[in-house]
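Try each task before reading its solution.

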Amino acid sequence: ALVSMGEKSIDRANWNWNFVGDAENPFFTPDPASVATFTAYLDGIRKAGSSVGAVIEIVADGVPAGLGAPIYAKLDQDIASGLMSINAVKGVEIGNGFEAARITGEENADEIRVGNDGKPVFLSNNAGGILGGISTGQAIVARFAVKPTSSILTPRKSIDKDGNDVEIMTKGRHDPCVGIRAVPIGEAMVACAIADHYLRHRGQTGRQ
């Protein structure tokens, strides 16, 4: 789901997964109220011949505990690698991500209790469903940042093959925000990474 575009962000209180694939939702946003905001904002960016980036959040539910490894084949490592391989992606975070650097250990720790069914239950999911490179059984949460495309109509300074100063302006097709199209690509990439680890796990343990 697209959670922010340029300086505009969704209201997480309005999060509705059922709306992400709605025909009236061209942005894959989970916040119905953000459609009008994103539409007006992106129209202004397009008319200015400029571009903006976006942040996309991927959530994978139903992933069993135990996928991954503590080193070399960490699940979050492979998810991050896959997402970074997508064109225009410049950053990836799992769970709290960079926010974890601004809070204390007490705030970031995912405490555990025994549930009514006798199984362990996490009281939060700051780790994004992965601890020590291995899935915990919670939802896996990954976010990635897509840069503003360089195909803008404003002249930019550069040099030619001979080292001479020039100005470049892109003409023709113009994408004001390529992050929108990155949503299903990111979903597919995370799904592939998890499926790969599931097959590795089955091959190593024989468990379905």
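**Rings and core**

F27 and F38 are both buried in this predicted model.

**Exercise 1.** Find how many aromatic pairs the structure holds, and classify each one.

*Solution.* The count is 2 aromatic pairs. Start with W15 and W17: their ring centres are 5.1 Å apart and their planes meet at 70°; since an angle over 60 degrees counts as edge-to-face, so does this pair. Next, take F27 and F38, with 5.7 Å from centre to centre and 75° between the planes, which is again an edge-to-face pair.

**Exercise 2.** Decide whether W15 and W17 are buried, partly exposed or exposed.

*Solution.* W15 has 23% relative accessibility, so W15 is partly exposed. W17 has 40%, so W17 is partly exposed too.

**Exercise 3.** Describe the largest nonpolar core, then look around M5.

*Solution.* This core has 38 residues, and M5, I56, I79, L83, I140 and F144 touch the most other members. Among the elements giving two or more residues are β1 (2–5), β3 (54–60) and β9 (140–146). The top contributor is α5, with 6 residues. Finally, turn to M5: leaving aside neighbours within four places in sequence, its contacts include F27, F38, Y41, L42 and I180.

Methods: Residues are numbered from 1 along each chain as its sequence is written. This is a predicted model: local features need pLDDT of at least 70, side-chain atom pairs count only at pLDDT 80 or more; totals for chains, interfaces and linings use all residues. Side-chain values use heavy atoms; hydrogens and water are left out. Rings of Phe, Tyr and Trp (its six-membered ring) pair if their centres lie within 6.5 Å; planes under 30 degrees apart count as stacked, over 60 as edge-to-face and the rest as tilted. Buried means under 20% relative accessible area, exposed over 50%, partly exposed in between (1.4 Å probe, protein chains only). A nonpolar core is a set of buried Ala, Val, Leu, Ile, Met, Phe, Trp, Tyr and Cys residues joined through side-chain atoms within 4.5 Å. Helices (H or I, at least four residues) and strands (E, at least two) are DSSP runs, numbered from the N terminus. Contact means heavy atoms within 4.5 Å.
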